[in-house]
Structures are given as structure tokens and as C-alpha cells.
Amino acid sequence: LQDVRRRMRTFAGTSLDMSSGDAANRSETAELFRLTAQAKIGAVLDYMEHLLQAGRKFLLFGHHHVTLNSVDARLRELGVVFVRIDGQTAAAQRPTLVKRFQEEEAVRVAVLSITAAGSGLTLTA
């Protein structure tokens with residue numbers, strides 16, 4: 001987190017616009033977003049475990065693979081049954097995973113990439 005703060009100070013007064021034509025700016029901005037996501041992983045995992053202990057069935061959306069992979073690993077460590085839909089999930093497989101989340105009581109969590117599952121899926125349980 002300190003690295004993110006230090007790097008953000010170097011951006012003071014500049015635009016963090018990802019659509020900017022400046023490739024170096026886009027690269028640095030993407031790296032800052034990734035580092036910020038990495039800094040939040042501990043809190044995300046703690047909150048996820050709280051929801052699991054409360055007996056909740058829930059959706060967990062993420063953008064960065066580092067976050068999705070950390071959530072995936074922790075759920076496996078805890079022995080929690082879950083489904084994951086991200087950019088690596090074949091389109092033909094997604095409806096089956098959605099159906100499992102909706103209909104199988106044992107499936108407690110749907111780990112979802114915002115870009116892969118942010119639209120076009122109906123997720124209710």
C-alpha cells in the first residue's frame with residue numbers, strides 16, 4: 001500500500017485517464033489499479049469468511065485475476081463449494097455454472113469476473 005501511495009504522489013496533477021494516448025501513463029495506471037487490488041485482498045478474504053460463517057449464499061465480483069485467484073484459493077482451503085465464471089470460462093459452460101449456483105444448496109459462492117459476468121447472466125438463489 002505504501003508503494004501505491006508513493007506512486008500516486010508522482011501522478012499528482014496528472015490525469016489517470018486509461019484512454020489517454022500516452023502508453024506509459026496507461027501502463028502505470030493499470031499497474032496502480034493492480035497494486036490497489038492486491039492491497040485489498042486481505043479485507044476481501046476476511047469479509048468473505050464472515051459471510052460464510054453467517055451461512056450466507058452470495059456473489060463475489062472482482063476485476064483483477066490476483067483477487068479472483070486469491071478468493072478461489074481460500075475457498076478451496078476452506079472446503080467451500082463454489083462456481084467461478086471469468087474470461088477463461090467457456091460461454092457454453094456458463095449457464096450450467098449459473099444453474100448450479102441457483103439450484104444446488106451446497107454451492108455457497110459464485111466467484112465472478114465483472115467483465116465476464118457483469119451482464120447477460122441472471123443470478124438468483
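This is a predicted model: local features need pLDDT of at least 70, side-chain atom pairs count only at pLDDT 80 or more; totals for chains, interfaces and linings use all residues.

Colleague: Which residues have the most contacts inside the largest nonpolar core?

Modeller: Those are M48, L52, F58, V71, L75, V109 and V111, in a core of 14 residues. A nonpolar core here is a set of buried Ala, Val, Leu, Ile, Met, Phe, Trp, Tyr and Cys residues joined through side-chain atoms within 4.5 Å. Buried is under 20% relative accessible area, exposed is over 50%, and partly exposed is in between (1.4 Å probe, protein chains only).

Colleague: Which elements give two or more residues to this core?

Modeller: α2, β1, α3 and β3 (107-113) do, and α2 gives the most, with five residues. Helices (H or I, at least four residues) and strands (E, at least two) are DSSP runs, numbered from the N terminus.

Colleague: OK, α3. Which of its residues are buried?

Modeller: T67, L68, V71, D72 and L75. Down the axis of α3, these buried residues fall within an arc of 135° (taken from the directions from the helix axis to the C-beta atoms), so they line one face of the helix. On the other side of α3, R76 and E77 are exposed.

Colleague: And what comes just after α3?

Modeller: G79, with a positive phi of about 75°.

Colleague: Switching topic: what volume does the largest pocket have?

Modeller: About 160 Å³. On a 1 Å grid over the protein atoms alone, a pocket is an open set of points where a 1.4 Å probe fits, with protein on both sides within 12 Å along at least five of seven lines; lining residues have an atom within 4 Å of a point. The volume is the space filled by probe spheres set on the points, which are joined across faces, edges and corners.

Colleague: What lines it?

Modeller: A37, K40, V44, L60, F61, G62, H63, H64, T67 and I114. α2 (23-53) and β1 (58-62) each supply at least two residues of that lining.

Colleague: Last one: is L59 buried, partly exposed or exposed?

Modeller: L59, in strand β1, counts as partly exposed, at 35% relative accessibility. Its C-alpha atom is 9.8 Å from that of F82, 23 residues apart along the chain.

Definitions and conventions: Residues are numbered from 1 along each chain as its sequence is written. Side-chain values use heavy atoms; hydrogens and water are left out.
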